[in-house]
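Let's take a friendly walk through this structure, one region at a time. Have the sequence and the 3D view open as you read.

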Amino acid sequence: MLNFIFRRFLQAIPTLLVLTMLTFALMYMAPGSPFLTEKGMPEEVLANINAKYHLDLPVWEQYLIYLGNLVQGDLGPSFRYLDFSVNDLVWPSLAVSATIGAWSLLIAVTLGITMGMIAALNHNKWMDYTLMTTAMAGIVLPTFVMAPLLVLLLSYKVKLLPAGGWHDGDWQYLVLPVFAMATHLIAQIARITRGSLIEVMSSNFIRTAQAKGLPYRTIILRHAFKPMMLPVVSYLGPLFVGVLTGSVIIDVFFGTGGIGQHFVNGAINRDYSMVMGVTVLVGVMYIAFNAVTDIIYAYIDPKIRY
Amino acid sequence: MNKTKLLQSMLLASAVAATSFAPQVLAANVPAGTKLADVQEFVRDNGAEPGTLDPQKIEGVPGANIARDLFEGLMNQARNGDEMPGVALGYTTNDNNTVYTFNLRKDAKWSNGDTVTAHDFVYGWQRAVDPITASPYSWFIEIPGISNASAIIAGDKAPSELGVRAVDDYTFEVTLDAPIPFFAKMVTHATLFPAHRATIEAHGDKWTQPDNIVTNGAYTLSDWRVNERMVMTRNSNYWNDSETVVNKVTYLPIEAASASLARYRADELDFGYFPTEQIKQLREEMGDEIYITPKLCTYYYIMNVEKAPFDDVRVRKALSYAIDRDIITEHITATGQMPAYGLTPDITNNFSPKAPAYAGMTQAQRNEAAAALLAEAGYSDSNPLEMNLLYNTSEGHKKIAIAISQMWKQAMPVDTTLENQEWKTYLSTRNEGNFSIARAGWCGDYNEASTFLDLLGSGDNDGNYVNQEYIDLMKSAKSMADPSANYNRAEEILAEDMPIIPIYQYTGVNLIKPRVGGFAYDNPEGNVYTRDVYIKAD
Amino acid sequence: MFFKHKKVAQELAEQLESGVGIIEGRSLWQDAKRRFFRNKAAVVSLFIIGLIILFSIFGSQFAQYSYEEIDWFALSDPVELGRPSIETGHYFGTDKLGRDLYARTVQGSQISLMVGILSSFVAIVIGTLYGAASGFIGGRVDMVMMRIVEILSALPFMFMVIMLMVMFGRQIILIFVAIGAVSWLDMARIVRGQTLSIKNKEYIEAAHACGVSQWRIVVRHIVPNVMGIVLVYASLMIPGMIMFESFISFLGLGVQEPETSWGALISEGVVTMEFALWQLAFPLTFLVITLFCFNFVGDGLRDALDPKER
């Protein structure tokens with residue numbers, strides 16, 4: 001186990017190196033630059049700015065400077081929010097998104113897995129159809145329809161909850177964003193769970209267990225649950241990253257100050273260090289969650305060896 | 001003759017003209033009998049998160065809005081756009097208007113209790129041009145031609161050689177290379193605000209954080225959560241604090257107009273925006289809360305005049321004529337915009353251009369003329385004019401582009417392919433001249449025609465339009481007491497050459513709660529000071 | 001209880017007896033087809049999808065207007081004059097620019113169906129093969145392949161889109177490339193997870209022992225056995241793809257005006273939903289129906305293709 005984690009840690013270094021290199025190249029090849037504005041500015045002014053942020057150096061040199069800072073935990077200055085470093089911006093906004101994400105996931109995983117299991121055990125019966133159809137409503141209504149609809153109903157028609165803001169995560173401000181996010185996830189998790197359990201229930205070892213006369217509960221919880229979770233876990237890994245890093249639509253519409261906005265605005269504004277910062281962050285999370293997923297695989301199915 | 005013009009001629013007439021202002025101060029002007037609310041808090045949508053709060057680096061409206069509350073320059077702007085005393089009580093000029101001497105008030109204080117002196121202005125202005133500050137707006141100091149500004153920015157001279165001087169603590173002197181009639185207007189801009197040297201030297205780029213910042217405006221910063229909110233509280237050291245009413249100002253950086261409307265309706269905002277599509281329904285719902293005011297901005301299409309087919313003036317004119325601007329302003333933008341036939345908006349101070357001939361025609365006549373011009377240029381149904389229309393991704397630009405391409409198509413043999421690009425790609429495409437016709441817009445940096453006409457006043461513009469007469473006119477206008485004749489001629493040239501297609505003049509469209517009083521929504525440059533605002537009791 | 005289990009045991013015994021015969025007698029596909037058509041929900045859904053495809057191809061025959069032309073009269077007051085009406089010929093009303101929403105929905109259906117189905121297909125093929133190969137080969141190859149997936153997942157997608165646009169300009173096919181190119185990653189991860197578990201099963205070991213080639217084992221044994229989860233995931237993917245397209249178009253890649261898609265129509269409709277509900281309702285209805293149908297078809301296929309239910 002320790003050996004496995006250590007190996008993964010070593011593998012993470014070249015992975016991140018390639019990731020940063022590719023991202024750097026991609027960013028600099030894209031048209032436009034951080035200080036390109038509609039009004040434009042005299043060349044001398046631009047030259048001064050480029051000098052301050054090392055943008056006048058060759059790209060490989062900028063990359064080396066960036067790596068040097070990264071190793072020391074410095075993500076560099078933001079080119080869009082001149083008064084802040086990327087570190088100043090990323091961590092508070094990640095905290096916001098992680099709060100929304102964690103609550104949404106908690107709700108979605110609990111409800112999704114329960115609904116999925118009930119549906120699977122009633123495969124192709126009315127219960128199955130009802131549950132899955134309800135869950136689907138969460139998928140088919142896109143977030144950008146759901147969010148304004150929620151606000152229209154619950155903040156304007158009935159003045160129940162605030163229409164936006166964060167206020168340090170006060171619960172009233174949390175409800176709508178979490179709801180908007182969770183509805184989308186419940187359905188996805190429910191469907192994966194359902195599909196997986198149906199498959200597991202028809203496999204030989206469950207039939208054997210049934211033939212042995214084991215109680216239904218035991219069969220489901222002791223024998224079917226673990227293999228059922230295998231694809232669910234695979235699905236949750238990347239979902240975790242996606243959820244923790246937030247949704248732009250929720251950030252923009254509810255004005256939460258979450259990190260999702262930095263992904264899109266960073267790219268749109270060509271805020272190079274912000275783009276690098278969030279990319280590295282997401283990269284680290286993917287690597288970590290993949291490692292965790294693999295560990296969970298081995299736990300679920302002891303035959304799996306790496 | 002409007003007020004500004006009067007002021008200018010007064011200045012020019014006297015050898016050393018001392019301007020004295022009426023004892024009018026900028027503060028909340030609460031009408032007698034108004035019952036004020038107990039809680040004086042004002043929450044406004046600011047449209048976006050500002051790039052910085054450092055006055056010398058601010059570019060863009062969101063930052064400027066905040067800077068006006070946190071800091072104060074030599075002059076402030078009155079509701080009608082005229083300048084009025086700020087930290088300076090007034091100013092005098094020498095006989096050829098190249099040396100301005102500002103006389104500072106002695107009771108102006110920073111939020112930490114320090115007195116605001118002429119040295120703070122010297123420091124701030126030097127800082128703005130200092131290459132080390134690397135301010136994206138340093139060019140603003142070059143516009144009025146403050147001595148040595150350009151050389152300092154280029155790194156050829158030291159910042160200390162800038163043409164500014166503290167004669168004593170309360171006398172600030174500026175030397176210009178040439179007389180610029182609108183210089184006093186420019187000092188209301190954030191770039192020319194004072195700066196608190198001790199704070200900036202102690203904290204570097206982090207001096208604008210709530211814990212570090214020292215301000216000289218009516219408010220000081222108490223909380224700043226990027227992309228969520230920014231909170232300001234009263235600066236008790238502000239010289240006119242006694243007449244300030246609102247205690248707490250919250251700026252929300254809401255980018256989506258639909259979100260702004262949602263929060264306004266939920267009563268979380270006193271001032272907000274809304275998607276213009278909803279204007280008609282909102283008029284019924286809350287008509288008295290909608291405020292529409294002309295803005296100092298022009299929406300236009302720019303053509304690459306070096307590239308066929310736009311090297312042919314007939315093509316350019318035909319495209320311009322065939323746009324029915326009334327339909328666009330009435331049904332598409334639909335919030336009080338004015339059709340534009342010239343580059344400079346009508347509300348610009350000291351400027352009343354003669355409308356070009358095509359502005360007076362009916363649309364049917366214009367379409368006929370357009371079709372004739374295009375036929376003359378050699379295009380027909382069998383050989384239609386094909387081109388790409390470039391715009392940056394936005395719902396508003398999209399609608400206008402769709403409508404205009406349909407207008408062209410229906411009036412003459414033109415096939416337009418619409419092409420939208422995300423913001424920076426669009427900018428770089430435009431910059432490199434890789435377009436044939438593109439959307440553009442411009443808002444004045446100050447209330448004077450040259451901020452618009454200078455766009456084409458050098459050969460260096462995205463459309464590569466060069467007209468020597470035009471360039472000469474704009475150059476000589478720089479030092480003229482009354483340059484309006486030059487500006488008029490410049491607009492005439494634009495109508496003849498049609499390097500750009502003016503479409504409409506912007507309006508500012510806001511929602512303001514009835515409980516808010518004193519909000520200067522009608523300032524032509526959108527320069528609002530929260531210290532003018534008060535909240536009425538219900 | 002006892003009775004139930006007895007039945008199961010009986011079934012098992014029967015299968016073991018006759019198993020060889022069934023496999024030789026009917027091909028997997030014939031069998032699947034038969035089972036699929038027994039599933040009513042799936043068949044009805046398939047039929048509706050067929051109708052929507054027909055609508056997208058032939059719907060424009062019935063339109064009174066083209067999808068790009070502006071009805072200047074309706075534009076003067078889209079909320080009143082642009083209402084859905086048989087008289088004006090705007091069956092679905094107009095959009096806020098006075099363009100016929102019926103014609104635009106027809107046009108948008110083509111784009112959205114194409115994006116949804118094609119890009120999901122691309123993502124499923126790449127993702128399944130990649131994931132199965134990675135999991136099956138294992139060891140160092142698996143390690144490298146999964147690290148590549150990690151890198152690609154973390155790359156800022158917006159820049160990939162922007163670069164694609166710069167390199168290839170505006171071509172509709174690019175939407176599929178761009179969407180497919182990122183969407184297979186999650187698929188690959190899920191399939192790899194399943195493969196890791198399947199490859200230790202007896203029948204795979206048996207195939208090994210018989211000298212079946214690796215590639216053949218992947219395609220003939222691993223892929224059919226992960227098909228169930230792949231299909232479920234695919235039915236989740238199609239709605240995602242359709243919505244994702246509107247985001248890409250928003251970035252300036254992909255569908256450009258006057259062409260449109262369901263995603264674009266819906267995001268425009270949201271703004272006016274309070275007073276011109278039809279601008280949201282028509283495209284959203286099409287989207288919702290399609291998604292439900294794909295969902296049931298996905299389930300039907302899953303049940304039909306399940307090798308254990310043979």
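## A word to start with

A residue counts as buried when its relative accessible area is under 20%, and as exposed when that value is over 50%. Keep in mind, too, that what you are looking at is a predicted model.

## A covered strand in chain B

With that word in hand, turn to strand β1 of chain B, residues 41-45. Is this strand mostly covered or mostly open? It is mostly covered, since four of its five residues are buried.

Strand β1(B) also has a partner: five bridges join it to strand β10 of chain B, residues 248-252. The two strands run parallel. To find one of these pairings on screen, look for E41(B), whose bridge partner in β10(B) is K248(B).

## A hairpin in chain B

Now move along to strand β8 of chain B, residues 219-225. This strand is mostly covered, with five of its seven residues buried. Which strand does β8(B) pair with? Its partner is β9(B), residues 229-234, and the two are joined by six bridges and run antiparallel. Within this pair, W224(B) stands opposite M230(B) of β9(B).

Together β8(B) and β9(B) make a hairpin, with three residues between the strands. In the turn you can find N227(B), which has a positive phi of about 65 degrees.

## Where chain A meets chain C

Next, zoom out to see two chains touching. Chain A brings 65 residues to the contact and chain C brings 61 residues. The area buried between chain A and chain C is about 5700 Å², and carbon and sulfur atoms give 70% of it. On the chain A side, R191(A), E199(A) and R207(A) lose the most area to chain C, together 12% of what that side buries.

How many salt bridges cross the interface of chain A and chain C? The rule finds four. R192(C) forms a salt bridge with D294(A), and their closest N and O atoms are 3.0 Å apart.

## Who contributes on the chain A side

Several helices of chain A give two or more residues to the side that touches chain C, among them α1 (2-29), α7 (171-201), α9 (216-244) and α12 (272-300). Which element gives the most? That is α1(A), with ten residues. Sorted by class, this side of chain A has 39 nonpolar, 17 polar and nine charged residues.

Conventions. Residues are numbered from 1 along each chain as its sequence is written. Chains are lettered from A and ligands numbered from 1 in the order in which they are written. This is a predicted model: local features need pLDDT of at least 70, side-chain atom pairs count only at pLDDT 80 or more; totals for chains, interfaces and linings use all residues. Side-chain values use heavy atoms; hydrogens and water are left out. Contact means heavy atoms within 4.5 Å. Buried area is the accessible area (1.4 Å probe) that two parts lose on being put together, summed over both. A salt bridge is a side-chain nitrogen of Lys or Arg within 4 Å of a carboxyl oxygen of Asp or Glu. Ala, Val, Leu, Ile, Met, Phe, Trp, Tyr, Cys and Pro count as nonpolar, Asp, Glu, Lys and Arg as charged, and the others, Gly among them, as polar. Buried means under 20% relative accessible area, exposed over 50%, partly exposed in between (1.4 Å probe, protein chains only). Two strands pair if DSSP finds at least two bridges between them.
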